[in-house]
Amino acid sequence: MADQSVRGEDRPVILAVGFSRLKEVFRVIVPSYAAQADVHIVDRGFDDALAEIRRYQQTRGVDAVVAAGSNGAFLRRHLALPVILVTLTGFDVLNALATARRSARRIALISHGTTHPELIEFKQHFGLELEHYAYETAADAERRVSALASRGVGAIIGPGLVTDLAEQAGLAGIFVYSRASVEQALDGAIEISRIGRIEAARRERLDTILQQLEEGVVAVDMDERVQSFNPAMARLLGVDADAVEGRRLSQVASQLALHDTLAHGVTELGGVQRIGNRTVVTNRIPIREQGVQTGAVVTVQDSATIQRVDRSLRSTNKPRQFAARYELDGIIGDSQPLREARTLAAQYAATDTTVLILGESGTGKELLAQGIHNASARRGHAFVALNCGAFPESLLESELFGFEEGAFTGSRRGGKPGLFESAHTGTIFLDEIGEMPLTLQTRLLRVLQEHEVIRLGATQPTPVDVRVIAATHRDLAAAVAEGAFRQDLYYRINILRLDVPPLRERLDDLPALARSIAGRALARQGRTGAMPAMLEQVMPYCRAYHWPGNIRELENLIERLAIFAPGFESGPMDQQRLERLVPELFSDATPPRPAVDDIDAIHRVLAQCGGNRSAACRQLGISRSTLWRRLSGAS
């Protein structure tokens, strides 16, 4: 073998296969291709050439092969490489005929594979004695040359094998291939190699992407034979990717068979299947190239991965309004009932169990719910609050559970997720759950039991991971007895119970609450301070009041004072004006109760009540524990 080339890493590698006369043509023209390709001459034929080419493939890589005649046909049958044949042209025949005519009158042309009908017309037109035959194998060529020699043919035109046989038989052998034909074949090989390298680079990029995907991917040809099989799919099926290439996919994993996709060219998205002990989501897609289907691809994703991504997306995209602002430590008050409620709430935050918060309207049930959420492992996720008594039944259902497009007249295009979906991985706070209609209680019970919701108009459930905190001012046990609340739902939500004390049972917290509320009210008006003198003036009346609206009523009252009493931030207000501004504190004409810090006043009230501490507490507006603490401190 001779090597006429200059190596270049970025140039295609071409093997020019030819012995005898074709080899000599290669020797002449290969140096002129040094800048375009790395061309090597292989001066062997058939099996020997095949072995040499395969050694090149293993050591250097080969982009294409150039050969001619039966040698080229043999290599095409045995190589998975582009084999470009040196093609016989009309110019080659004319040139060879002119040369042969100078040597003999009777001429024969022997070509590989097929004869050329146009030569019959050419022979008749020019009056040539030309015989034309085709051969398939070297033995065919040898028999044909021998027969022609016996019939007196003087010159034979053909490829290298034929001309060598002719000369061995004592005839003139004229090599048919011109330099232009060989150059044309080399040019074609270089172009095919260039395109092949572009395609190889594209496949390599695609393969790199496939290797990194967590999604399993298999691509097959029209016979369903595996062409690409990424590591994620190998792990999912527990097979060796290299071992399945070339096999039919239905033999490797019958669950993923692509018969229908290949037969009908239909795309199937979002299929749910079982593979072993896993539930997976599959997509089957036909592969088309220039409008013609050439195969199909199936992708497989573990449902657990989809759920993780879903949780992440829902958490990342949660709306700003779905956030909890309050912490348990930030709830104002130091009275014993509030401390007990806060301590219990902190214990509940350490679990993921449903909580039922009971308390009168305006006591701050949502503050405790937010505090539980922010003290729990779900604090980085959504906190969704809904007042069940604030919506009509039809609207409440769509708000809670969402709807699909076209579920009802006027439904939003594309549908809408419900609040349970919005609260996924977080907490949903169902305030005034006692006002929920019975029909929706049934659907809520299913969500709590199955941990999935079905949108209005949908057929498939959506899994949700939500912690539920419910609240009500109603006596749910009595509502169950009356048939207004489902007993099974009551037992489902009444697992961890939290009672929020009304303001009248935590009057010790009044001063701190009033100062905080006053500060916020003044800030909204662009003023500073906390109206200490006015709060001190109104506090005895506040202690004597029964606060049916609880903290919400206190907020309204302080807000009113802050708005209508400018100039009194640092001083008292006229009593008559005070009574006009906050008449509810004076509606019972009850005299102001003595400040509980005045121990002498406490003893006087006790004496008036004949030592009855419960009666004294009612008159003083304090709890028994506060009375005990004041008396203990005095002693």
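**Group meeting: helices, rings and strands**

Buried means under 20% relative accessible area; exposed is over 50%, and partly exposed is in between, with a 1.4 Å probe and protein chains only.

This is a predicted model: local features need pLDDT of at least 70, side-chain atom pairs need 80 or more, and totals for chains, interfaces and linings use all residues. Residues are numbered from 1 along each chain as its sequence is written, and side-chain values use heavy atoms, leaving out hydrogens and water.

Next, aromatic pairs. How many does a search of the whole structure find? The search finds 7. Rings of Phe, Tyr and Trp (its six-membered ring) pair if their centres lie within 6.5 Å; planes under 30 degrees apart are stacked, over 60 edge-to-face, the rest tilted. Phe383 and Phe429 are stacked, 6.3 Å centre to centre, with 20° between the planes. Phe383 lies in strand E15 and Phe429 in strand E18, so this pair ties together parts 46 residues apart in sequence. Helices (H or I, at least four residues) and strands (E, at least two) are DSSP runs, numbered from the N terminus. Both Phe383 and Phe429 are buried. Back to Tyr541 and Phe586: their ring centres are 4.4 Å apart and their planes at 50°, so that pair is tilted.

Now helix H4, residues 90-101. Its 12 residues should span 16 Å at 1.5 Å a residue, and the end C-alpha atoms are 16 Å apart, which agrees. The expected span is 1.5 Å times one less than the number of residues. Which residues of H4 are buried? They are Asp92, Val93, Ala96, Leu97 and Ala100. Seen down the axis of H4, the buried residues fall within an arc of 125°, so they line one face. That arc is taken from the directions from the helix axis to the C-beta atoms.

On to Val145, in helix H6, residues 138-150. Val145 is buried, with a relative accessible area of 2%. Val162 is 17 residues away from Val145 in sequence, yet 7.5 Å away in space, C-alpha to C-alpha. Leaving aside neighbours within four places in sequence, Val145 has contacts including Ile110, Leu165 and Ala169. Contact means heavy atoms within 4.5 Å.

Last, strand E22, residues 496-499. Strand E14 runs parallel to E22, joined by 4 bridges. Two strands pair if DSSP finds at least two bridges between them. Leu358 stands opposite Asp499.
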